[in-house]
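Reader: Hello! I am new to this structure and would like to learn how to read it. Could you show me?

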Amino acid sequence: MVSEKKEPGLWEGFKAFLMRGNVVDLAVAVVIGAAFTNIVNSVVKGVINPLVGAFGTKDLDHYSSCLKSPCETNDAGEVVTGIPIMWGTVLSAVLSFVITAAVVYFLMVLPMAKYLARAAAKKAEKEGTQEVIEISELEVLKEIRDALVAQRGSGSGSGSVPREE
């Protein structure tokens, strides 16, 4: 009688997928990333945009050019005629991306790379020390062998050196 190996069911496969560590890590990263994005967007809208606007007359999000003239807006800020290109909004998004990338690099990637390099150096140093110890033990064993061979040779009177005739 041959026993058949039962294939895992859909539910068991799904549970195994969820229990892998990288799925949980990814979920945590997405949640933290969303919260971090809100912080960066607030900094850009609350600090960067007004600073850029200080050189002009408006907030960065309101900078635009008119593709099809004339661009006119009503009191609510909606475009009535013309086709505006809102390049200030794009610039704001680019600034958000650059700030986010810089913070992630300098606060997360760079320190982690330094930590991993230090850990690798310690591991290499430890392996180097282990190698030196092994070489030292090998040298001691060779010396013991040589001493035993020399002792055996002098005790028998004939030695291990062949005689010339």
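Reader: Which helix or strand gives the most to the nonpolar patch?

Author: Welcome! This is a predicted model, where local features need pLDDT of at least 70, side-chain atom pairs count only at pLDDT 80 or more, and totals for chains, interfaces and linings use all residues. Residues are numbered from 1 along each chain as its sequence is written, and side-chain values use heavy atoms, with hydrogens and water left out. Helices (H or I, at least four residues) and strands (E, at least two) are DSSP runs, numbered from the N terminus. Here α3 gives the most, with six residues.

Reader: Which residues form the nonpolar patch on the surface?

Author: A patch is made of residues with over 30% relative accessible area and no salt bridge; like charges are joined within 9 Å, and nonpolar side chains (Val, Leu, Ile, Met, Phe, Trp, Tyr) within 5 Å. A salt bridge is a side-chain nitrogen of Lys or Arg within 4 Å of a carboxyl oxygen of Asp or Glu. Accessible areas come from the Shrake-Rupley method with a 1.4 Å probe, and for residues only the protein chains shown count as cover. In this structure, L67, I83, I85, W87, V90, L91, V94, F97 and V98 form the patch, with about 850 Å² of accessible area together. At least two of its residues come from β2 (79-85), and at least two from α3 (87-156).

Reader: Is L91 exposed or partly exposed?

Author: Buried means under 20% relative accessible area, exposed over 50%, and partly exposed in between (1.4 Å probe, protein chains only). L91, found in helix α3, has a relative accessible area of 34%, so it is partly exposed.

Reader: How many aromatic pairs does a search of the whole structure find?

Author: Rings of Phe, Tyr and Trp (its six-membered ring) pair if their centres lie within 6.5 Å; planes under 30 degrees apart count as stacked, over 60 as edge-to-face and the rest as tilted. The search finds two pairs. For W11 and F14, the ring centres are 6.0 Å apart and the planes at 40°, so this pair is tilted. Both residues sit in helix α1 (residues 10-19), three residues apart, about one turn of the helix. Y105 and F106 have ring centres 5.1 Å apart and planes at 80°, so that pair is edge-to-face.

Reader: Which residues does T89 touch, not counting those up to four places away in sequence?

Author: Contact means heavy atoms within 4.5 Å. T89, in helix α3, touches L60 and D61.
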